Amino acid sequence: MSGLKRVHIGGGVKTIEYSAFDNCRSLTEVIIGMSTEMINRNAFHGCESLRELDICGKIITIEQIKKTKRGEEEEEEEEEEEDV
């Protein structure tokens, strides 16, 4: 999918599958409509130019996603330590 810059995922798309846009390096803009219920892991893996997603009108930056993921990983580590 070289050269793909913008994607509008709208009506009827309920799931964005694993690796759906894998390595779309030129992808800069993704708009995801209200019908989408799930974005599978690595759906946008390797999309180096992608900096934010517009999900139902709410802008979410890639940095926010990374911070959330780091927070979840830290919580999992703390839970594992408590189980010991």
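A residue counts as buried under 20% relative accessible area, as exposed over 50%, and as partly exposed in between, with a 1.4 Å probe and protein chains only. By this rule E29, at 32% relative accessibility, is partly exposed. The model is predicted, so local features need pLDDT of at least 70 and side-chain atom pairs count only at pLDDT 80 or more, while totals for chains, interfaces and linings use all residues. Residues are numbered from 1 along each chain as its sequence is written, and side-chain values use heavy atoms, with hydrogens and water left out.

The sheet comes first. Strands (E, at least two residues) and helices (H or I, at least four) are DSSP runs, numbered from the N terminus. Two strands pair if DSSP finds at least two bridges between them. Strands of a sheet pair through backbone hydrogen bonds, either parallel or antiparallel. Here four strands form an open sheet in the order 1-3-5-6, and the pairing is mixed. Strand 1 and strand 6 stand at the edges. Each has a single partner strand, so one side of each is left without a neighbour in the sheet. From one strand to the next, the twist averages 15°. For such angles, axes are lines fitted to C-alpha atoms (for helices over the stretch in contact), and the angles run from 0 to 180 degrees between N-to-C directions.

Strand 3 (residues 29–32) and strand 5 (residues 52–55) run parallel, joined by three bridges. I31 has D54 of strand 5 as its bridge partner. Strand 5 and strand 6 (residues 58–61) run antiparallel, and four bridges join them. In this pairing I55 stands opposite K58 of strand 6. Strand 5 and strand 6 make a hairpin with two residues between them. C56 lies in the turn and has a positive phi of about 55°.

Next comes the interior. A nonpolar core is a set of buried Ala, Val, Leu, Ile, Met, Phe, Trp, Tyr and Cys residues joined through side-chain atoms within 4.5 Å. The largest such core holds 13 residues. Among them, I9, I16, F21, L27, V30, F44 and C47 touch the most other members. Strand 1 (6–9) and strand 3 each supply at least two residues of this core.

Contact means heavy atoms within 4.5 Å. Beyond its neighbours within four places in sequence, I16 is in contact with I9, F21, I32, T36, M38, I39, N40, A43 and F44. T36 sits in the loop between strand 3 and strand 4. T36 is buried, at 14% relative accessibility. Residues up to four places away in sequence aside, T36 touches I9, V13, K14 and I16.

The cysteines were also examined. A disulfide is a covalent bond between the sulfur atoms of two cysteines. The cut-off is a pair of cysteine sulfur atoms within 2.5 Å. Zero disulfides are found in a search of the whole structure. For C24, the closest cysteine sulfur is in C47, at 5.1 Å, too far for a bond. C47 is likewise in no disulfide. C24 is buried, with a relative accessible area of 1%. C47 is buried too, at 8% relative accessibility.

Charged pairs complete the description. A salt bridge is a side-chain nitrogen of Lys or Arg within 4 Å of a carboxyl oxygen of Asp or Glu. The whole structure has three salt bridges. In one, the side chains of E29 and R6 meet at 3.1 Å, N to O. E29 lies in strand 3 and R6 in strand 1, so the pair ties together parts that are 23 residues apart in sequence. R6 is exposed, at 62% relative accessibility.

Another salt bridge joins K14 and E37 (3.9 Å, N to O). K14 is in the loop between strand 1 and strand 2 (15–16), and E37 is in the loop between strand 3 and strand 4 (38–39), 23 residues apart. K14 is partly exposed, with a relative accessible area of 46%. E37 is exposed, at 64%.

A further salt bridge links E48 and R25 (3.4 Å, N to O). E48 belongs to the loop between strand 4 and strand 5, and R25 to the loop between strand 2 and strand 3, 23 residues apart. E48 is partly exposed, at 48% relative accessibility. R25 is partly exposed, at 43%.
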